[in-house]
Amino acid sequence: MNNLLSGLKAGFSSQFGASPEWVARAPGRVNLMGDHTDYNAGLVLPCAIDRYVLAGSSPRDDNEIHVLAIDANNESDAFKLDKPIESHSTQLWSNYIRGAAQVLLERNYALAGCNIAVTGNIPQGAGLSSSAALAVSVLRTLAEVSKIQFQPVELARLAQAVENEFVGCACGIMDQLISVAGMNDSAIAIDCSSLALTPIRIPASLSLLVINSNVQRALVDGQYNLRREQCHSAAHFLGKPNLRALETHELREAESRMDPILARRAWHVLDENRRVGELAAAFEREDTAAISRIMAASHLSLRDLFEVTVPEVDLLVDIVSSVMGDQGGVRMTGGGFGGCVVALLPNSRFGEVEQAIRQNYHSGSGLEASIYHARPAGGISLVH
Ligand code: GLA
C-alpha cells in the first residue's frame, strides 16, 4: 500500500509538476455469495479486499481534466468540461474518468478542472472489481476537487451509472457499493432492493484465499448483458417485477411452460438469494461444514443453471475442495466467464492448497494460476 502511494505521488509529480493535493483509495472485492442476484433486486454477500485503486488529484486553473494512467504504460488523456464529453475509442480506462465527469455534469454538478493520476494493485480483468474501484475512486476525488459531498449509496449509484450509461456494461450495484462501504473483518450483506447493508463477521478461524484462473474476462461482456436480459425475460414471463419477487412454488408451477434456459436462470437466482441468508447464518454459528456445503452448491448452480463458469474455474474449485474437504468453502466469484475463485479456509491449510494448485492446475488447463492472500478491508477513503 505504501509503495502504491509513493508510486502514485512520483507519477503524479513527474506528469504535473507537483504532488497531488488529495488521494482517494477504493478497494476491490470478492463476493462470497449471491452472484447474478444484484440486478435482480436480490441479496449479495461481498467483502472489500485490501487491493486498491488510488486516484490522486489537484486543481487546475482552467476548465479541463488531465489524466495519467500509471499502470497503462503512463498513457494520458485530456478533455474539456464545457464541451460534450465523447467516449475514447482506444483507451478503455479513459472512459471511467470521462464517464465519471459526464454523469456528474448530467446531474448538474459544477465541476472544477483538475489533474488526476490513477494506479492500483487489483488485478485487471480478474473479476475483482478493478473497474468499480476506478470509478469510485475517481468520483470521490472529483467530489473533493469540486467540493461536493455524497452519501455512500449516492456515490455507489453514480459509479454504477458510469458503467451503465457511459462504458456500456449493464452491471448491478454490488461492486460499487462494497467498494464504498466495505468494513475491516466483515462481509456485508446487501439487499439490492432496499440497499440496506448488514455487516456479517467472517469467522476468525477462516481466511480468504483468492485464486485467479488467469482466464481473462472481457470488461464489457456481451454474455453478462445477455444473462441480465434472460433474467428480465424470465421475470416478465412470470408476471413479476423482478426475480426477487418470485416464490419457489410459483416457479415450480410455471416451469414446464417456460423456455428451459429462462427456467434455469430463474432457479439459480431464487436459490442463490436463499443461500446468502444461509451463509450469513453459518458465519454467525462458525459452522465450517455448512459454509463448505453452501459455497459448493452455489458454484454448481453458477456452473449448471446460470452457466457462467469456464472449465478452468471449475478445475480450480475441484482442486481446492478436494484438498480442503469440509474444512472451508470455495466457489467462483463475481461475474464469471473466467476470473477468480474465492476460498475461505484455515490459515494452516494454505500451504497444502497452494501446492495442490501448483501440481494440478497447469497440467489440467495449460495456464498458471495466481494466488492472492486477501483481507476484508474498509471502503473508500481519502488517504492523503
Ligand atoms: C459483476 C457485476 C456485478 C454483479 C456480478 C455478478 O461483478 O459488476 O454487478 O452482477 O458481476 O454477481
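Mentor: Two strands pair if DSSP finds at least two bridges between them. Helices (H or I, at least four residues) and strands (E, at least two) are themselves DSSP runs, numbered from the N terminus. The model is predicted: local features need pLDDT of at least 70, side-chain atom pairs count only at pLDDT 80 or more, and totals for chains, interfaces and linings use all residues. Residues are numbered from 1 along each chain as its sequence is written, and side-chain values use heavy atoms, with hydrogens and water left out.

Trainee: How do you know that strand E3 and E6 are joined?

Mentor: There are 7 bridges between strand E3 (residues 46-59) and E6, and at least two are required, so the two strands pair. They run antiparallel. Val-53 is set opposite Gly-120 in E6, and Pro-59 is opposite Cys-114, also in E6.

Trainee: Is the pairing of strand E4 and E6 parallel or antiparallel?

Mentor: Strand E4 (residues 64-69) pairs with E6 in the parallel sense, over 5 bridges. Leu-68 has Ala-117 of E6 as its bridge partner.

Trainee: What is the order of the strands in the open sheet?

Mentor: The order is E5-E4-E6-E3-E1-E13, 6 strands with mixed pairing. What makes strand E5 (75-80) and strand E13 (381-382) edge strands is that each pairs on one side only.

Trainee: What makes strand E6 mostly covered?

Mentor: Of the 7 residues in strand E6 (residues 114-120), 6 are buried. Buried means under 20% relative accessible area, exposed over 50%, and partly exposed in between (1.4 Å probe, protein chains only). Helix H5 (residues 174-181) is also mostly covered, with 8 of its 8 residues buried. Among them are Met-174, Asp-175 and Leu-177.

Trainee: Why is Ala-281 called partly exposed?

Mentor: Its relative accessible area is 30%, so Ala-281 falls in the partly exposed class. Ala-281 belongs to helix H8 (residues 260-285). From Ala-281 to Ile-291 is 10 residues in sequence and 9.3 Å in space, C-alpha to C-alpha.

Trainee: Is Asn-73 buried or exposed?

Mentor: Asn-73 has a relative accessible area of 73%, so it is exposed. Asn-73 sits in the loop between E4 and E5.

Trainee: What is the phi of Asn-73?

Mentor: Asn-73 has a positive phi of about 55°, although it is not a glycine. Most residues other than glycine have a negative phi. Ala-41 is another non-glycine residue with a positive phi, of about 60°. Ala-41 is in the loop between strand E1 (22-31) and strand E2 (43-44), and at 14% relative accessibility Ala-41 counts as buried.

Trainee: How do you know that the count of disulfides is 0?

Mentor: A disulfide is a pair of cysteine sulfur atoms within 2.5 Å, and by this rule the count is 0. Take Cys-169, which is in no disulfide: the nearest cysteine sulfur, that of Cys-171, is 4.7 Å away. Cys-171 is likewise in no disulfide, with the sulfur of Cys-169 as its nearest, at 4.7 Å.

Trainee: Why does Cys-169 count as buried?

Mentor: Cys-169 has 7% relative accessibility, so it is in the buried class. Cys-171 is buried too, at 8%.

Trainee: Which residues are around the ligand?

Mentor: They include Arg-29, Asp-35, Cys-171, Met-174 and Tyr-224. A residue is near a molecule if one of its heavy atoms lies within 4 Å of it. By class, the shell has 4 nonpolar, 4 polar and 4 charged residues.

Definitions and conventions. Nonpolar A, V, L, I, M, F, W, Y, C, P; charged D, E, K, R; others polar.
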